[in-house]
Each structure stands twice: as structure tokens, then as C-alpha cells.
Amino acid sequence: MPKQVTSSATQDRRGIAAIQRAVTTELGWIFREQPTDDFGIDAQFELVERGAATGRLIAAQIKSGASYFRNTHPDGWWFRLDKDDLEYWLDHALPVLVLLYDPETDAAYWESVNNHTIVTGKRGGKGFLVPKAQQLNR
């Protein structure tokens with residue numbers, strides 16, 4: 001019996017490919033996908049300046065699909081944080097970005113995970129706003 005390809009797996013791969021394309025072609029940076037078990041970081045970006053790799057790295061968590069764009073705000077989209085992910089990202093050795101990829105518009109948006117961007121909701125949940133103004137492009 002053939003194995004079924006889930007829409008979730010296809011969606012994830014499409015998002016990673018789109019972010020890779022934007023990072024390498026739009027920004028001219030180096031994209032390194034996380035090749036082993038993913039514990040909350042999908043890739044690393046290395047900044048390139050004047051054609052030279054800088055050694056400065058950013059960790060990236062890539063989320064793909066329309067469901068990430070449902071919790072709207074006039075300035076962007078709310079991203080709810082899982083407690084374990086939040087602790088992992090805040091304790092990470094690299095700065096961490098969460099990127100939301102919208103396959104309908106082929107656009108990605110980002111926000112940094114840090115104590116300045118995180119807000120606590122009325123019921124104690126944590127999250128942050130991914131601004132429309134922070135589209136992943138030049």
C-alpha cells in the first residue's frame with residue numbers, strides 16, 4: 001500500500017523552501033536547514049556582508065499555512081507561544097526568529113523572540129505580534 005503524503009508535510013516543506021529562496025535570493029544570506037531532529041529550530045541564517053560570510057547567525061522557526069494568519073490584528077498576526085518552545089527559544093544561544101509563511105500570497109513575515117516582543121494575555125498565555133511591516137525581503 002502506498003504511503004500517503006500529508007498536506008501538513010507538504011505545507012511544511014513548501015514553507016521551508018520559500019524561506020530558503022527569500023533568504024538566499026532576496027537577502028543574499030546563507031540558509032542552513034536543520035538536518036536532524038527539529039526541536040523548535042528549522043534553520044539557521046548566516047548574514048553576508050559585501051560578499052563575505054560574517055559568522056553572525058540567526059536561528060529560525062518556520063511556520064507555514066493559513067492557520068497562522070487567522071488571529072489577526074490591524075498591524076499583523078498574533079502568534080501564540082507554547083511554554084516549552086518559549087523557554088527553549090529564550091535560552092537559545094542564537095537570536096531566534098519566528099517566520100510565518102502564507103502560501104496563498106507567497107509572503108513571509110517575521111518577529112524576533114525576546115522579552116521585549118512577548119506579551120502576556122488576560123488569561124496568562126504568552127504570545128507576540130508578527131507585524132505586517134516585517135515582511136521577509138530586502
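In the predicted model, T72 stands opposite W77, a residue of β5, and the two strands concerned, β4 and β5, pair in the antiparallel sense over 2 bridges. This pairing belongs to an open sheet of 4 strands, whose order is β4-β5-β9-β8 and whose pairing is antiparallel. The edges of the sheet are formed by β4 (72-73) and β8 (119-120), each of which pairs on one side only. In general, the strands of a sheet pair through backbone hydrogen bonds, in either a parallel or an antiparallel sense.

The largest nonpolar core comprises 18 residues, of which F79, L81, W89, V98, L100, V113 and F128 touch the most other members. Two or more residues are given to this core by each of β5 (76-80), α2 (83-91), β6 (96-102), β7 (107-112) and β9 (126-131), and the greatest contribution, 3 residues, comes from β6. When neighbours within four places in sequence are left aside, L81 is in contact with L86, W89, I118, K126, G127 and F128.

Aromatic pairing was examined next. The count of aromatic pairs comes to 6, and one of them joins F69 and Y109 in an edge-to-face arrangement, with 6.2 Å from centre to centre and 70° between the planes. Because F69 lies in the loop between β3 and β4 whereas Y109 lies in strand β7, this pair ties together parts that are 40 residues apart in sequence. Both F69 and Y109 are buried. Separately listed is an aromatic cluster formed by Y68, F79 and F128; of its members, F79 and F128 are also among the residues that touch the most other members of the largest nonpolar core.

S64 counts as buried because its relative accessibility is 7%, which falls under the 20% limit. Not counting residues up to four places away in sequence, S64 touches Q11, G15 and Y101.

Charged side chains form 5 salt bridges in the structure. In one of these, R13 is joined to E33, and the closest N and O atoms are 2.7 Å apart. Since R13 belongs to helix α1 (residues 7-27) and E33 to strand β1 (residues 30-33), the pair ties together parts that are 20 residues apart in sequence. Both partners are classed as partly exposed, R13 with a relative accessible area of 45% and E33 at 32% relative accessibility.

A salt bridge also links the side chains of E49 and R56, with an N to O distance of 2.3 Å. Here E49 is partly exposed, its relative accessible area being 33%, and R56 likewise counts as partly exposed, at 41% relative accessibility. A further salt bridge brings together the side chains of K83 and E87, for which the N to O distance is 3.6 Å. These two residues are 4 residues apart in helix α2, and therefore K83 and E87 are separated by about one helical turn. Within this pair, K83 is exposed, with a relative accessible area of 61%, whereas E87 is partly exposed, with a relative accessible area of 41%.

Note on methods. Residues numbered from 1 in each chain as written. Predicted model: local features only at pLDDT ≥ 70, side-chain atom pairs only at ≥ 80, totals over all residues. Heavy atoms only, no water. Core = buried A, V, L, I, M, F, W, Y, C linked by side-chain atoms within 4.5 Å. Buried < 20%, exposed > 50% of the residue type's maximum accessible area, 1.4 Å probe, protein only. Contact = heavy atoms within 4.5 Å. Pairing = 2+ DSSP bridges. Phe/Tyr/Trp six-rings, centres within 6.5 Å; stacked < 30°, edge-to-face > 60°. Salt bridge = Lys/Arg side-chain N within 4 Å of Asp/Glu carboxyl O.
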